Amino acid sequence: MDTSVTLANLEEHVDKRSPLVLGSETFSSVTNIVSRPMEMTTPKAWWICFLIALSGLGVLGAAIGYLFWEGVGVWGLNNRVGWAWDITNFVFWVGIGHAGTLISAILFLFRQKWRTSINRAAEAMTIFAVICALIFPGIHVGRVWVAYWLFPIPNQMAMWPNFRSPLLWDVFAVSTYFTVSTLFWFVGLIPDIATFRDRSKGIRKFVYGLFALGWRGSHRHWLNYERAYLILAALSTPLVLSVHTIVSFDFATSQLPGWHATIFPPYFVAGAIFSGFAMVINLMIICRWVFKLEHLVTMRHFENMAKIILLTGSMVGYAYAMEFFIAWYSGNPYERYIFISRATGPYAWAYWTMVTCNVIIPQLFWVRKIRTNLWALFIISVFVNIGMWFERFVIIVTSLHRTFLPSSWAYFKPTYVDIATFIGSFGLFFTLFLLFIRFLPIVAIAEVKTVMPEADPHGHDHGHHAKGGAH
Amino acid sequence: MQSENNQEKSGKKYWRSLEEMAESPELLAQMKNEFPSGAAELEVTPGVDRRSFLGIIGASAAFAGLTSATGCIRKPAEKILPYNKRPEDLVEGKPQYYASAGRFGGSVFGLLVTSYEGRPTKVDGNPSHPMSLGATNAFAQASALEVYDPDRSQSVLKKGVAQTSGRPDAKLLKTTLAAAAAEIKATHGSTGGQGLAVLLEAVPSPTLLGLLREFQTTYPKSTVTIHDAAMRWNEMTALASFGYANAHLFHRLEEADVVACFDADPLGIEGDVVRNSKMYATKRKSVDEAKTMSRLYVAEPTFTNTGVVADHRLSLRSSAMGEALLALAVQLASKGLNLPAEVIARGKQVSTANEKWLKALAADLMANQGKSVIMVGQDQRAWVHALALAINSALNNLGKTLVVRSSPLPAASPLHELTREINKGNVKTLVIIDSNPVYTAAADLSFADALQKVQTSIHLGYHADETGVACALHFPRSHALESWGDLVSSDGTAAIVQPVIEPLYPSLSDVEFLAGLMGNTKNSYELVQAQWKKSTTGDFDSSWRRWLHDGMVKGTVGETFSAKPELSKLAQQLEGLGTSPESTSTQMELRLVLDRSVYDGRYANNAWMQELPDSVTKLTWDNAALISPKTAKAKGIKTGDFVEIKLKQDKEAILKIAAFVVPGVSENTVVVPLGYGRSFNGRVSTGTGFNGYSLLFGENRFAFGADVQRVSGTYELATTQEHGVSDYSYDTTVGKEAVESRGVTREITLAAIKADPSLEETFKKFNLLDPKKHKTLLWTKTNTTSGNQWGMTIDLNSCTGCNACTVACQAENNISVVGKKRVLKSREMHWIRIDRYFTGNVDTPDSIQAVFQPMACAHCETAPCEQVCPVAATVHGVEGTNDIAYNRCIGTRYCANNCPYKVRRFNYFNFSKENDADNPLYAMQKNPRVTVRFRGVIEKCTYCVQRINAARVESKIRGEDIIREGAVVTACQQVCPTDAITFGNLADEVDSRVKMLKALPRNYAVLSELALEPRTTFLAKVRNPNPELESSTQL
Amino acid sequence: MNEGDRVTPIFPKWTNHIPTAVAIGAPLVLVSVVLAVWYFFSPKWTDVGYTPKQPVAFSHQLHAGQMGMDCRYCHSTVERAAFAAIPPTETCMGCHSMVQAKSPRLQLVRESYQSGKPIEWVKVHMLPEHANFNHSIHVNSGVNCASCHGRIDQMKVVGQAQPLSMGWCLECHRNPSPNLVPKNQVTNLSYDPAKEGYVPEKDPHRLRGVNPPQHCSGCHY
């Protein structure tokens, strides 16, 4: 890659903001760049990846089928550790699903123009991650066939769900989050889909046309579109915070040492954004390289995301430290013991993996050289994702395996079904994501154009072709 | 790792795959189908009595879940099969109770058997029987399952080959027995029984022994041999040496203020445990009113239940007991007790390291003459028993805290004499009545080989066990719940054993068998009646009915010796008894003990007992070589390692066995529980543990010079505590600190109570927060004041950790057995478990103490489980119970996670359905009043809500809204031999016992600082240490 | 794109109405589906009227109705036990050894009496097995048989008259009075407390107020 170009927009200039789109890209060239992946004949690489992902999905199906047939006993759970990988995976995926809406909604409201070239992929990632997440609460119950009792449906038993239960709040929170994010994503897609409708023909034209909802790019359309987008952004902003807050309530409102902590909501949200951005970086680095998006997804985007990771990573680190401090400061022996055993007990290895990946490694981002090096970015982000999975594992399992009564201490060992289900969930995620990059624009064309100089009606220097001087 | 199911199909599950399952495919086919429709089919099942089953409609409730697991499917059409002629005084769906008696772990006590439409479902103690007083031990509870043992012998065997093709055959049984009788007559009739021998267990049954006498009169030259794990040969010899012929000791712990046990376990599995525990408890409970308590000294090589509750425990190897007792004698003499000079002279020669301990004990004994007792374990040598008796007599305890009673058993020879005769070729015919010598005989006898030398060996047994298949002829024995009989307790109370169900398979009771061998074809009913007619004056029928109703015969059998023993006789016992090398040697000592779960091996095929965690090791499904942490470290042995125990006496024996490191075992000692590693091919017993009998030489269960070495390989041991803990010591120490700092189990001293009656100061160190403050509640509580408000207290001071409650609960509440593989995954289902915590320093055995804490759902008023259940499957009942509606549960396990006591159990698989599918007979034990749980739901202690509801209906029909005190008794409370568990109505101002107990200062809630307000609270454990020994006790 | 307004439309004009139609139609469909499930999937619809054929054509209408036999003559355990026992064959034969002794319709009963094989009646009122119902307490609290079983005395073949669903049970457990009758009227199926103006609270023969359990463990254990 041409580093001179990439680094070009890292400096801020006093007189003007450095550009978000590099090279001498024009409106049409941008459209062409983004359209290429969808209009080219399907490359072999895509097929290979897709088949791998698909077999992963198959594993998931098999694992779940076996689970339903035999019962939850096929997992490594026991009477002391009632949750382990199932809920760990759930929280992990929900966490991943955070960056998308944050980027598209919150950064949009804060007028962070650099979001435009990454928000589309991020949102897609969000939706797919939440789909993966939603699987686990569904399948972890002992009697799947009556799981619908979680929803308030009138019935002959005259029974309602227990609205005091955080698990029920979860059901509502996550499904709401999913609905709104999907809507938000789709609304954002409309103009681009219309573009493809106009560029393609045959069945494709018809399908795109169907989803373009008759978009013609008229002034009125744009007006409504902008308003709708703004409203949805405003709607989903609180959701970004609420969903993981409520997920954290599953633990915070119960009274186990290691779970019962007031710091959980902010700590979880920070952690979610942390892991979400890490995943975005991983995905974008690949897409950018594969689809030659260097001019749209610039080093500046990565650097900004790296900064966010550095920030949220430090917040998470602070939370870890604070948990220990409170455990000591509270004088609560159970609390103290659980944290001592986290760091020194049978699961110490998991705890220190978590600390290394989440707290220590991301600190490298203080160094600009590292946060502007794609390889470093990629590897560190992978570590962050590993670390964040372990964070959930540590919170859930180490707290459960050493509770109040020492007589009831146990150790959790995953079975191969646990592992298969986890791997399978990645299969599902990548299957969806691969389909996405094949059939939908990975960069929000319409939005990117808005941040190009040409889009600025009062731009005094329309690029290089306009003559200097004012009229 | 492969799927659990596959694992357990291939591996050793306590049942095996269906194909191997039933000898009789028909039987299986008939019974596989679910009740009640099964009732119709059962009737045509060969050998199964129709009338016992027709009414099984009542049982349908028990099978809820099996069908309703898939709730939405439309219910299949069900049939109702009414009785054809309803038996008198039977009301469908209402239980019937029968008084009976049984012999468990060598103790005989009265029983009360619950039966639903002809299915015995539960066995409890008979409250009016002096040896039971309403309680039982775990073994008695397990007999409710034993009767439905899938592997019980179902047909006659000749040389180990079944004589019937699947279908049990009653006629064959009779003819074969007649033939056997004829043969005996032919061979021995002329010679007056020359070469005829009878081998039986120590069953104190008047009818059986009457028939035996009859047998001996017919065959005067025949010999009688008694072989029984509970037989106290050494004690008998000692008593005989003092002129008490054929006698045994009977203890009265209710009279004893100081009890000293030397290798004895009167509260565990030795002797009349149930009565002893009851009586012992009375001397501990007095702490609350009278502020007095008995003091218990125990010297033992490994933790017994008695050792755990002791006030002072001395870790001492069995071989050193006699010497310790001699040293004690010296101490006593020096304090002026009149003992034979020779004894003192002899005692002066021994040097003991435990002078301080013995001195303190001696002082206590002297101060409590006539109110103290010294008890010696059955495995101790005769002279030790004699010495103990001498001291007891000198202390004027004889006739007060212990009495000598004549034994109902006949004069008989021990097994090794019989074996000698056989090897001499003097035994032509051997009749074995319900004994399993091939498995339980000492290794040096090699009885199996000897048995082959006998021409005709005839065996009666409940199982076609090791002996059964080795004998020329084997007859199936009926279960005690299937036949008439009679038994005499060690206190002389006689009771009639009455059947509750027709034999499931054609079989013979022991009396029918023995009578049959004399050509007497009367059935057990006639035989027992005939026996008692002899000894009854006046209207027999009315007194017979009275006996059956009361469950015992008025007036005792046998007499008590009042004559004082001649202590001079003691001298010759000690003659020639040189200083035994043991006391000083540092060689390893091997100690074989009866197992607390499978006893001598007879319960090895009982799923409940196999899965019952051992009181101290918490080990299930196996035995192991118990070694103290210190010795283990020295030998580089860790829990789960294989060790090889070599024992060289006249011949060498080797046993490869898994080691289990546990505190409380004496240094240089290895303890091996007996009863496992049976070659009997039972569904449950197969592949469990290691056969300790292969190390047994002679009658003494301890031996010296054992060589213990770690060998390659490890073995998975399934414990229910310290689950999957790799480093035992780390976790116990951490655990110990945790427990102490957490005040989970609260131990105080009698002195503390006296000094601080309100215990406020004493309890301060246990309370993290002042339980009276800090009660801000998030949710409004359900009304907990009016109507019936249920509550429970558990007295840690009385609990001896005997496990009876765990099995009783399992029997009452249809709790599934999960098998070893799943216990290893800590998925055991017991609703009430007994937590065991050690205190003291792991490396100094004398400082080690342990405490038991029964733990079940505490029914918190602000239950954390209720708040988190998303579908309101577990909610609070108006009567303060923490209800759970199984069919509403979707199985998120959130409640189990949030439960601070970790008492909730999840059905990870369809355990109950598997149990029933793999063994249809087990289904017949199910309690129809309790839902059988299905896959994917949580279960836990319900305070026996089925009993509460039954009582509520009764009282409401009576027109009362408040349920009377005592109308509801939980299964665990009912069975408890020490009445440690009390349950009742807290709102009952007048006569609620539990309310009174909760008012005691000893009362506390575990984890009180969580403001859970549990309905089950505990009464702190009180130790009564001797001030002179305070230092050695950890508190 | 500057020629965007001259794009040839893919969809005919009428498709513009689809969104409106969906907007109106979808909620309607949804509501009706919910209602349908709520009604047709409930025991009220599925279970009520379940009238299986019995092995013996026993007519309650004849015995309980015309001849006015008391329910407890055959279902004798109803006051003492949870289970209202189906009478043993000998009870039938008590009369039918004399009455209709030869009737072919009683063939099965006679056979059963001789062979000792029970008559396989088909269960009509099937409570889910995880719900524990106790007849004795209901009868003793003065709940009329008809409240749950309907007018058995008018049925030739017995059928299920009430849904026996949890909601239905709770209705009465929350407000039992309308279904309570004097103790001596329990088996009088035609007795209507409302018409008779019966007020349980005023009944001197009642020793206690009726307060049925409404907590889970009252029925589920």
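Predicted model: local features only at pLDDT ≥ 70, side-chain atom pairs only at ≥ 80, totals over all residues.
Figure 1. The side chains of R80(A) and E828(B) form a salt bridge, with an N to O distance of 2.9 Å. Local features need pLDDT of at least 70 and side-chain atom pairs count only at pLDDT 80 or more, whereas totals for chains, interfaces and linings use all residues. Residues are numbered from 1 along each chain as its sequence is written, chains are lettered from A and ligands numbered from 1 in the order in which they are written, and side-chain values use heavy atoms, with hydrogens and water left out.

**Figure 2. Extent and composition of the interface of chain A and chain B.** The contact, defined by heavy atoms within 4.5 Å, takes 63 residues from chain A and 68 residues from chain B. About 5400 Å² is buried between the two chains, and carbon and sulfur atoms give 52% of this area. Buried area is the accessible area (1.4 Å probe) that two parts lose on being put together, summed over both. In chain A, the residues that lose the most area to chain B are N79(A), R143(A) and R164(A), which together account for 14% of what that side buries.

Figure 3. On the side of chain A that touches chain B, α3 (44-70), α7 (166-199), α9 (219-252) and α12 (333-344) of chain A each supply at least two residues. Helices (H or I, at least four residues) and strands (E, at least two) are DSSP runs, numbered from the N terminus. The largest share of this side, five residues, comes from α3(A). By class, the side comprises 37 nonpolar, 19 polar and seven charged residues. Ala, Val, Leu, Ile, Met, Phe, Trp, Tyr, Cys and Pro count as nonpolar, Asp, Glu, Lys and Arg as charged, and the others, Gly among them, as polar.

**Figure 4. The interface of chain A and chain C.** Chain A contributes 12 residues to this contact and chain C contributes 10 residues. The two chains bury about 990 Å² between them, with 76% of it on carbon and sulfur atoms. Zero salt bridges are found across this interface, and two residue pairs are in polar contact, both residues being at pLDDT 80 or more. On the side of chain A that touches chain C, α7 and α8 (202-212) of chain A each supply at least two residues. The largest share, four residues, comes from α8(A). This side of chain A has six nonpolar, three polar and three charged residues.

**Figure 5. The open sheet β2-β3-β4 of chain B.** Three strands form this open sheet in the order β2-β3-β4 (chain B), with antiparallel pairing; two strands pair if DSSP finds at least two bridges between them. Because β2 (96-104) and β4 (119-125) of chain B stand at the edges, each with a single partner strand, one side of each is left without a neighbour in the sheet. Neighbouring strands of the sheet are turned by 35 degrees against each other on average, direction ignored. Axes are lines fitted to C-alpha atoms, for helices over the stretch in contact, and angles run from 0 to 180 degrees between N-to-C directions. Nine bridges link β2(B) and strand β3 (residues 107-116) of chain B in the antiparallel sense. The bridge partner of R103(B) in β3(B) is V108(B).

**Figure 6. A salt bridge between distant parts of chain B.** E201(B) forms a salt bridge with R602(B), the closest N and O atoms being 2.8 Å apart. E201(B) lies in the loop between β7 (196-200) and α8 (206-218) of chain B, and R602(B) in the loop between β22 (588-593) and α24 (607-611) of chain B, 401 residues apart.

Technical notes:
Salt bridge = Lys/Arg side-chain N within 4 Å of Asp/Glu carboxyl O. Polar contact = N/O pair within 3.5 Å; in protein donor to acceptor, adjacent residues only side chain to side chain.
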